[in-house]
Amino acid sequence: MIKTIEDKDYPNHLYIHIPFCKHICAYCDFVRKVPQCENEVNNYLDKIINQLKQIDNNKKFNTIYIGGGTPNSLTNNQLIKLLSICAQHIFFDTEFTIECNPELVNLQQVEIFKKYRINRISLGVQTVNEHILKLFNRKHNVSDVLKAISIFRANGINNISLDFIYGFKLMNKNDIQNDIDFVIKNKIPHVSMYSLEIKPGSYFAKQNYELNDELIDQQFKQIIDQLQENKYERYEVSNWCLDSNFCSKHNLAYWHTNDWLAIGLGAYGLEKMNYYHYEGNVNNFKKVNQQYSLKEYYQHILIMGLRLIEGIDLSIEKNLKAYEFFKNDINPNLIEIKNNHLKAKNINQLDDILISII
């Protein structure tokens, strides 16, 4: 598994949140909005860039992740404005990721990505069933996805991750199989499979949509079995890759409870046990701090680290202390220690472990 060298004095990972979207998906409750005008976006970016300019010019990040929202809904000029600042803070091998919607990808945009050294794409596909895409209020089709993948690869960006959703009641076994077959046929190196959640602020929640737990379990088992059969390595509860070179290094930083710097409305960060986020609106947002107690910090370590198939490395002092703090609360029949790593015996029973420490 990929490890990163951590700078104890400053985070080695940066997350930037772009809250703007061309439209709002039916399942989404992330901090996002459809902008009223281009100036609204420009003013927001000015705030983000002012924060970036406060970072020491010599500081380089191991990973940078631009999420949203829909970051590739920005205009080319807006992307250049943001990415040119970010590019000042990368090593030659920094993992630099941007989230994209397929229908917005075009050659000129990808050439900008390439110029400013973005080397990883997280592409929101959700499903290849175009009827369900419409119910999700997604605006792309399968042709858009294929075209986007082709443009990325033609420009040397081969580290591509696709996001999918399962657990929607109108999805059947064939839909799940078609999604998996799409991944396999196109040799996608990384895939994330997320169970549909009904979040309070989403359209589905307002429509009183209910989930079917039995269906979710059936579909997830199908996903696990099929991806394993096709040589995809499951390295986290919801994430698979063809080999460890394609693991999300940025997300590994979260799961390893390494500090990361966060910028932008809706962004969450962790620095020296201060877990913070930004709230407000795109015109006026502020940082809200939550200084962790030791118990809260150790909870965070276990909640995040036990999501990993390899578990938590107990040779790291903070991890060992977290385990010792909660050792007597965790059912010993649900966990094991192998090669000095604390792990769930069955990662699919993770909730049964975590409930005992919350």
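Modeller: Just so you know, residues are numbered from 1 along each chain as its sequence is written. This is a predicted model, so local features need pLDDT of at least 70, side-chain atom pairs count only at pLDDT 80 or more, totals for chains, interfaces and linings use all residues, and side-chain values use heavy atoms, with hydrogens and water left out.

Colleague: What pLDDT does the protein average?

Modeller: pLDDT is the predictor's confidence in each residue, from 0 to 100. In this protein, 96% of the residues score at least 70. Residues 1-6 stay under 50. The average pLDDT is 94.

Colleague: What radius of gyration does the protein have, and why does it agree with a compact globule?

Modeller: This radius is taken over C-alpha atoms, and the globule rule is 2.2 Å times the number of residues to the power 0.38. With 358 residues, that rule gives a value near 21 Å, so the protein agrees with its 20 Å.

Colleague: Is T97 buried or exposed?

Modeller: T97 sits in strand 3, residues 90-100 (strands are DSSP runs of E, at least two residues, numbered from the N terminus). Buried means under 20% relative accessible area, exposed over 50%, and partly exposed in between, using a 1.4 Å probe and protein chains only. T97 has a relative accessible area of 0%, so it counts as buried.

Colleague: Which residues is T97 in contact with, leaving aside neighbours within four places in sequence?

Modeller: Contact means heavy atoms within 4.5 Å. With those neighbours set aside, the partners of T97 are I64, Y65, I66, R120 and S122.

Definitions and conventions
Helices (H or I, at least four residues) and strands (E, at least two) are DSSP runs, numbered from the N terminus.
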